[in-house]
Amino acid sequence: MGITQATGTNEGTHAFPGTLERGRQRTDTPGSADKRERILVAAERLFAAQGYASTTMEQIVQALGVTKPYVYYYFRNKLEIFELLSWRPAVACFTVLDFPEGDERPAHEKVTAGMEQLIRATLAHYPAAFFPYREPQVYTARFVAAQKRLANHFYERLCLLLEQGRAEGWFDVGEVRIAAQAACSLPGFLYQWYRPDGRLPPEAMVAELTRLACRVLGLRGSVGAAPAGAQAG
């Protein structure tokens, strides 16, 4: 699947659990990526409007104006399509703290940057980012396990950064895991109320939710200014 258009996440690092069983296609051909993407776009719209159970492969075919064999060449069934649509935002969101080696920014700056990118990725992948919250019962056990590994990967990094930042005087927080989960519930529950055509444009929404998330994490002061009681370097 390569690089996602919205976020630039390298999905090859975290392969989609169903990749090896995709449709009848065994090797990529010129133009196949574009054709698969066209199917995904059409299916995403239907899933968002009708839900998983009410969407059929026939409807996806009709929306595309193609034949069923065309779709089945790239995907085994609608579940594979649904899971792939859900996997992309999972990777984009849960790898925001995978900073490159040599990134020497202090922990509090990495946390702030990570929360901002988490929220931005959630909005960029609307509406597919909200599918797991709307219909958690749909997914296969393999998908759920893979998604859980990604989430654990994210929270391990976030908690470590919070502990480092707390030691340096930047975070007023007790239980870092609870604080991390509470802060991440802000973008997590966007699915209940977010609309792309709402009053705030996406970047304004990112800025507002990032500020709120950092308050939940107990960030002291503002990034770039040493907080009271911070340890001297």
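Hi everyone, and thanks for coming. Before we look around, please keep in mind that this is a predicted model, where local features need pLDDT of at least 70 and side-chain atom pairs count only at pLDDT 80 or more, while totals for chains, interfaces and linings use all residues. Residues are numbered from 1 along each chain as its sequence is written, and side-chain values use heavy atoms, with hydrogens and water left out.

Let's start with the fold. The protein chain has 9 helices and 0 strands; helices (H or I, at least four residues) and strands (E, at least two) are DSSP runs, numbered from the N terminus. Of its 233 residues, 46% count as buried. Buried means under 20% relative accessible area, exposed means over 50%, and partly exposed is in between, using a 1.4 Å probe and protein chains only. As for contacts (heavy atoms within 4.5 Å), take those between residues at least 6 apart in sequence: 76% of them join residues at least 24 apart.

Now to the inside. A nonpolar core here is a set of buried Ala, Val, Leu, Ile, Met, Phe, Trp, Tyr and Cys residues joined through side-chain atoms within 4.5 Å. Which residues have the most contacts inside the largest one? They are Phe 47, Ile 60, Ile 81 and Phe 154, in a core of 60 residues. Helices giving two or more residues to this core include H1 (32-50), H4 (78-94) and H7 (141-167). H4 gives the most, with 11 residues. Leaving aside residues up to four places away in sequence, Phe 154 touches Cys 93, Phe 94, Val 96, Leu 97, Leu 118 and Cys 184. Apart from this core lies another, of 9 residues, among them Leu 123, Ala 129, Leu 190 and Leu 209.

How many disulfides does the structure hold? The count is 0, where a disulfide is a pair of cysteine sulfur atoms within 2.5 Å. Take Cys 159: the closest cysteine sulfur, in Cys 184, is 9.0 Å from its own, so that is too far for a bond. Cys 159 is buried, with a relative accessible area of 9%, and Cys 214 counts as buried at 8%.

Cys 159 also leads us to Arg 177, which touches Asn 152, Tyr 155 and Cys 159, again not counting residues up to four places away in sequence. Arg 177 lies in helix H8. Is Arg 177 buried or partly exposed? It counts as partly exposed, because its relative accessibility is 34%. Its C-alpha is 9.0 Å from that of Leu 162, 15 residues apart in sequence.

Ala 33 counts as exposed, since its relative accessibility is 54%. Ala 33 and Tyr 74 are 41 residues apart in sequence, with 9.5 Å between their C-alpha atoms.

One backbone detail to point out: a cis peptide bond joins Tyr 126 and Pro 127, with omega about 0 degrees. Pro 127 sits in the loop between H5 and H6.
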